[in-house]
Amino acid sequence: MLRTPVDGTRLRILTLLRQAEPAGLTAQTVAARLALPGPAVRTHLRLLTALGLLRTDRGRYRCDEVRIAEVAHLFEKGWWCDQGR
């Protein structure tokens, strides 16, 4: 997970979804709101879902706030800095 570079687009998607209605947004809606091509958005959504940061239900994406908090906590602890030492 941490080998995946931070990407401004993924951060924008997470921000949009965190502000979205509880039911989440479709990939098409995310693409339209961010003015990005659908295939690119779907690729980012698949990656974020695979990392566990998003949940999907009936084609609608929403943030997994618990998982996001867990990952943020790892970064706050500096865990990512200790890898490979």
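Reply: Gladly; here are some terms, each set beside its definition.

This is a predicted model, in which local features need pLDDT of at least 70, side-chain atom pairs count only at pLDDT 80 or more, and totals for chains, interfaces and linings use all residues. Residues are numbered from 1 along each chain as its sequence is written, and side-chain values use heavy atoms, with hydrogens and water left out.

Me: What makes up the secondary structure of the protein chain?

Reply: There are four helices and three strands. Helices (H or I, at least four residues) and strands (E, at least two) are DSSP runs, numbered from the N terminus. Along the sequence they come in the pattern α-β-α-α-β-β-α.

Me: Why is Ala35 called exposed rather than buried?

Reply: Buried means under 20% relative accessible area, exposed over 50%, and partly exposed in between (1.4 Å probe, protein chains only). Ala35 has a relative accessible area of 68%, so it is exposed. Ala35 sits in the loop between α2 and α3. Its phi is near 55°, which is a positive value in a residue other than glycine.

Me: And what makes Arg58 exposed?

Reply: Its relative accessible area is 80%, so the word exposed applies. Arg58 belongs to the loop between β2 (54-57) and β3, and its phi, near 55°, is also positive in a residue other than glycine.

Me: Why is Leu36 described as partly exposed?

Reply: Leu36 has a relative accessible area of 23%, and therefore counts as partly exposed. Leu36 is in the loop between α2 and α3. Leaving out residues up to four places away in sequence, Leu36 touches Thr9, Arg12, Ala31 and Val41; contact here means heavy atoms within 4.5 Å. Leu36 and Thr9 are 27 residues apart in sequence, yet 9.1 Å apart in space, C-alpha to C-alpha.

Me: Which class does Ala69 fall in: buried, partly exposed or exposed?

Reply: With a relative accessible area of 46%, Ala69 is partly exposed. Ala69 is part of helix α4. From Ala69 to Leu53 there are 16 residues in sequence and 9.4 Å in space, C-alpha to C-alpha.

Me: How much of the protein chain is buried?

Reply: Buried residues make up 31% of the 85 residues.

Me: What makes a group of residues a nonpolar core?

Reply: A nonpolar core is a set of buried Ala, Val, Leu, Ile, Met, Phe, Trp, Tyr and Cys residues joined through side-chain atoms within 4.5 Å. The largest one here has 20 residues, and those with the most contacts inside it are Ile13, Leu14, Leu17, Val30, Leu45, Leu53 and Leu54. At least two residues of this core come from each of α1 (8-19), α2 (27-34), α3 (38-50), β3 (60-63) and α4 (65-76). Setting aside neighbours within four places in sequence, Leu54 contacts residues including Leu14, Leu17, Leu45 and Tyr61. In soluble globular proteins, nonpolar side chains tend to be buried together.

Me: How do you know that α1 and α2 are roughly perpendicular?

Reply: Axes are lines fitted to C-alpha atoms, for helices over the stretch in contact, and angles run from 0 to 180 degrees between N-to-C directions. Angles under 35 degrees count as roughly parallel, over 145 as roughly antiparallel, 65 to 115 as roughly perpendicular and the rest as oblique. The axes of α1 and α2 cross at roughly 110° and come within 11 Å; the two helices are therefore roughly perpendicular. The contact is made by Arg12, Ile13, Leu16 and Leu17 of α1 with Val30, Arg33 and Leu34 of α2.

Me: How do the residues of that contact of α1 with α2 divide by class?

Reply: There are five nonpolar, no polar and two charged residues. Ala, Val, Leu, Ile, Met, Phe, Trp, Tyr, Cys and Pro count as nonpolar, Asp, Glu, Lys and Arg as charged, and the others, Gly among them, as polar.

Me: What makes α1 roughly perpendicular to α3?

Reply: These helices pack at an angle of about 75°, with their axes 10 Å apart. That angle makes α1 roughly perpendicular to α3. Thr9, Arg10, Ile13, Leu14 and Leu17 in α1 meet His44, Leu45, Leu47 and Leu48 in α3. By class, this contact has six nonpolar, two polar and one charged residues.
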